[in-house]
Amino acid sequence: MTTTDVTPERPDRRAWLREHSELGVSVLLLALGALVLTDALTMDVEIAQRGPIGPKTVPVAVGIGLFVVALLLAVDVLRGGRGEAESGEDIDLSEPADRRTVLLLAGVFLAAAVLIEPLGFPVTGALLFWGSAYALGSRHLDRDPLIAAVLSVVTYVIFNNLLGVPLPGGPLMGVL
């Protein structure tokens, strides 16, 4: 047997891709970062911008963060890093899915989308927060609506008054 009879083994492309499958996550993060940055940099900032931090700041920071994470993940994978397999959660996979909870949450989100214009964010947000808590199992009917209302009003004030992101106020427009 001569050296010309032996062909060097070419690395199996599928095996390499299987070993480096986490690169797909890196590509996805890179594409998402590009989408977020493109959207942020082409955003119309005519809405009331106050101070040096405007509506573009957070999306640009998130887009840059996505790029950095994608790059670090790609470097780690190419150096041989592998994600750990999940050890599992404390769930019983033989049980059927809880369709009631999923349908309640979907209904609450759909209702919030429909009601936000006529009722405004403070009222709709309170309904969204309370409805989500109820759908996920909380049954404190005396405490949950109060917490939901406080969360909603605080969120409205932070976004509308402090960050300058206008949210629909609805009937409470003059009060808040």
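Colleague: Which helix does asparagine 161 lie in?

Modeller: Asparagine 161 is in helix H6, which covers residues 144-162. Keep in mind that this is a predicted model.

Colleague: Is asparagine 161 buried, partly exposed or exposed?

Modeller: Partly exposed, because its relative accessibility is 33%, and that class lies between the 20% limit for buried and the 50% limit for exposed.

Colleague: What does the side chain of asparagine 161 make a polar contact with?

Modeller: With the side chain of asparagine 160, at 3.2 Å.

Colleague: Back to the whole protein. How many helices and strands does it have?

Modeller: There are six helices and zero strands. Read from the N terminus, the order of elements is α-α-α-α-α-α.

Colleague: How much of the protein counts as buried?

Modeller: The protein has 176 residues, and 22% of them count as buried.

Colleague: And what does the accessible surface come to?

Modeller: About 13,200 Å² for the protein, with 67% of that belonging to carbon and sulfur atoms.

Colleague: What share of the contacts comes from residues 24 or more positions apart?

Modeller: Such residues account for 62%, counted among contacts in the protein with a separation of 6 or more.

Colleague: New topic, rings. How many aromatic pairs does a search of the whole structure find?

Modeller: One aromatic pair turns up in that search.

Colleague: What about tyrosine 134, which residue lies over its face?

Modeller: Arginine 139 does, and its distance from the ring centre of tyrosine 134 is 3.9 Å.

Notes:
Residues are numbered from 1 along each chain as its sequence is written. This is a predicted model: local features need pLDDT of at least 70, side-chain atom pairs count only at pLDDT 80 or more; totals for chains, interfaces and linings use all residues. Side-chain values use heavy atoms; hydrogens and water are left out. Rings of Phe, Tyr and Trp (its six-membered ring) pair if their centres lie within 6.5 Å; planes under 30 degrees apart count as stacked, over 60 as edge-to-face and the rest as tilted. A charge sits over a ring if NZ of Lys or CZ of Arg is within 6 Å of the ring centre and within 35 degrees of the ring normal. Helices (H or I, at least four residues) and strands (E, at least two) are DSSP runs, numbered from the N terminus. Buried means under 20% relative accessible area, exposed over 50%, partly exposed in between (1.4 Å probe, protein chains only). A polar contact is a pair of N or O atoms within 3.5 Å; within protein, one must be able to donate a hydrogen and the other to accept it, and residues adjacent in sequence count only if both atoms are side-chain atoms. Contact means heavy atoms within 4.5 Å. Accessible areas come from the Shrake-Rupley method with a 1.4 Å probe; for residues, only the protein chains shown count as cover.
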